Amino acid sequence: MYSRRLNNLCCTIINNKKYLHTSTKLNKREHPLWRTIRILGEDLQFKKRLSPVTSEDYALAISREFPRHADIVIVGGGAIGSSIAYWIKTKSNFDGVKVVVLDKDPTYTKCSTAISMGCLKQQFTLPENVQMACYGAEFLRQLKKNFGMEANVNFNPAGCLLLASDEGAQQLIDNSQFQREYGAINMILSPEQLTKRFPYLDVSDVAVGSLGLEREGWFNAWDMLKYFRRKSIELGAQYLNAEAVDFIFEEREDILVDGVQEATYRGTNEIVVKLPQESETRSIKFAFCIIAAGHESTNVGHLAGIGIQPGMLSVPLPIEKRKRFVYSFNCEDHPPSINSPMIEDYTGINFRREGLGGSFIVGAAPHPDFTPPSESEEDKLKFFNDMVLPCLSRRVPSFKDVKLTGSWSGDYDYNNFDGNGIVGPHPYFINMYLATGFSDKGIQQAPAVGRAVSEMILDGGFKTIDLTRLSFNRFIVDKPMFDVRVT
Ligand SMILES: Cc1cc2nc3c(=O)[nH]c(=O)nc-3n(C[C@H](O)[C@H](O)[C@H](O)COP(=O)(O)OP(=O)(O)OC[C@H]3O[C@@H](n4cnc5c(N)ncnc54)[C@H](O)[C@@H]3O)c2cc1C
């Protein structure tokens, strides 16, 4: 190795290679090359300080690198898929497990999460549902600890009031007692007590009400999805704008599965995806795949043969799209007071305040036996005037002349077997899990479901809330897990 001076630069030669650098001792006038690098370097640093890399930029950056393999592929990046990604990354110490979340629509325009009313209540009759809702509230309480001090999903703990007719009264009373045994805090109110507490309600046709006193209310579902997604990305999960279009199968004579004839198991550890603007498909190898595709989960199941192949695979995922309509309106004349809870009426509508003024939203699902109206503005308005407004103004007379300010509609992931979520492994595949079909409870259950799936995969079984009864097996043995609704 030796050095020699070239004008203001020093040239050091090591193993016959030249390395240029400035000589600190001899450099009086800066060489133009170093000057350019110095100025350019400062400029780049300056720009970086002005626009720090956000999680979304980070996602975009890492999404450009196509993942050929992953430990866990999650199909669907809505509230459920993103909560699973968050929990797996949190539990696996950030870098331990490679998680890829596939979503065909990064704008989330058609997903249920983006249009959800964000209601959180414990008033169910299936212990699993009560426990998951209790945990949902606990998770919201810990929101800042989990997502950072700026995190806020505007949880409004105003409670939830269920109203029953004569027919459903005893059921509501029994339900309330049952829920309290599982940690819910609620009270039964007679029509007189209801009128005293909520004078704006007409309860002449109501036999009894059940009011959730703690951990019930509503929050912004879209914000919750954003926090799950952002944190998962920060912890290293990769979100890929891609549609799952197929699986690649392999005969695996070496694998024995309960209920499957020896040497006939056809497994998969590779998913085929279609990226936007690419005509060819690509594939990702995985150790585990989780189907969390909301109301499209049955279609994704078909790709894996679920519901269309013989034997154990002949049992379909019973998830169908169910339409739900939401309307926003203003009530200027004597609106319900600021502490009004979310009200679930036995007539099938539910409504709540939206903000602190006289704005409200009301949700309604058309009866399953009727063809739902189309999503045209005209049909939506007709449905509101014919079906929703009569129930609304019957319950709150001051809603008679409300001013409609907007409406939206969309599908949710209705489980037509028993109306409850499906969580856990598919009994045929050794490496495929399901987290879907939560019907009208998916947002409040998302934190608990994400945690439960992460426990199944990383700990080998449920550690906190036991969701074994919500597995796919109940369809095979024909054992519905109904939640008794009040009429
Ligand atoms: C109007 C309305 C009001 C509601 N109100 C409430 C409420 O008050 N409280 C409550 O708890 N729940 C409520 N729900 C239900 C709740 O919103 C859903 O249960 C929940 O959002 C489901 O979340 P998800 O992640 O499973 O599905 P989604 O949010 O639908 O996400 C699924 C994702 O999968 C993606 N996907 C689908 N197929 C593929 C594929 N082949 N490849 C890649 N990606 C794919 C989709 O693009 C989508 O982004 C409501 C639903 C609606 C529609």
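This is a predicted model: local features need pLDDT of at least 70, side-chain atom pairs count only at pLDDT 80 or more; totals for chains, interfaces and linings use all residues.

1. Residues are numbered from 1 along each chain as its sequence is written, and side-chain values use heavy atoms, with hydrogens and water left out.

2. The secondary structure of the protein chain comes to 12 helices and 21 strands, where helices (H or I, at least four residues) and strands (E, at least two) are DSSP runs numbered from the N terminus. Buried residues make up 49% of the 487 residues in the chain; buried means under 20% relative accessible area, exposed over 50%, and partly exposed in between (1.4 Å probe, protein chains only). Among contacts (heavy atoms within 4.5 Å), those with a separation of 6 or more come to 73% from residues 24 or more positions apart.

3. Around the ligand there are 37 residues, of which Asp-103, Ser-112, Thr-113, Cys-119 and Ala-244 come nearest; a residue is near a molecule or strand if one of its heavy atoms lies within 4 Å of it. By class, this shell has 17 nonpolar, 10 polar and 10 charged residues, with Ala, Val, Leu, Ile, Met, Phe, Trp, Tyr, Cys and Pro counted as nonpolar, Asp, Glu, Lys and Arg as charged, and the others, Gly among them, as polar.

4. A nitrogen atom of the ligand is 3.2 Å from a polar backbone atom of Lys-104, and a nitrogen atom is 3.1 Å from a polar backbone atom of Asp-440. An oxygen atom of the ligand is 2.9 Å from an N or O atom in the side chain of Asp-413. The protein covers 97% of the 1,000 Å² of accessible area that the ligand has on its own.

5. Elements that give two or more residues to the shell around the ligand include helix 3 (79-91), strand 12 (243-251), strand 19 (403-415) and helix 11 (442-459). Because domain 2 (58-111 + 224-318 + 418-476) and domain 3 (147-217 + 321-413) both give residues to this shell, the ligand lies between them; the domain bounds come from an automatic or database domain assignment.

6. Two residues other than glycine have positive phi values: His-334, near 50 degrees, and Ser-439, near 55 degrees. His-334 sits in the loop between strand 15 and strand 16 (342-344) and counts as exposed because its relative accessibility is 62%. Ser-439, in the loop between strand 21 (432-436) and helix 11, is buried, with a relative accessible area of 5%.

7. Gly-424, in strand 20 (residues 422-425), is buried at a relative accessible area of 3%. Not counting residues up to four places away in sequence, Gly-424 touches Tyr-433, Leu-434 and Met-456.

8. Glu-128 belongs to helix 4 (residues 127-141) and is buried, with a relative accessible area of 4%. Leaving aside neighbours within four places in sequence, Glu-128 is in contact with Asp-466, Leu-467, Arg-469, Leu-470 and Met-481.

How values were computed. A polar contact is a pair of N or O atoms within 3.5 Å; within protein, one must be able to donate a hydrogen and the other to accept it, and residues adjacent in sequence count only if both atoms are side-chain atoms. Accessible areas come from the Shrake-Rupley method with a 1.4 Å probe; for residues, only the protein chains shown count as cover.
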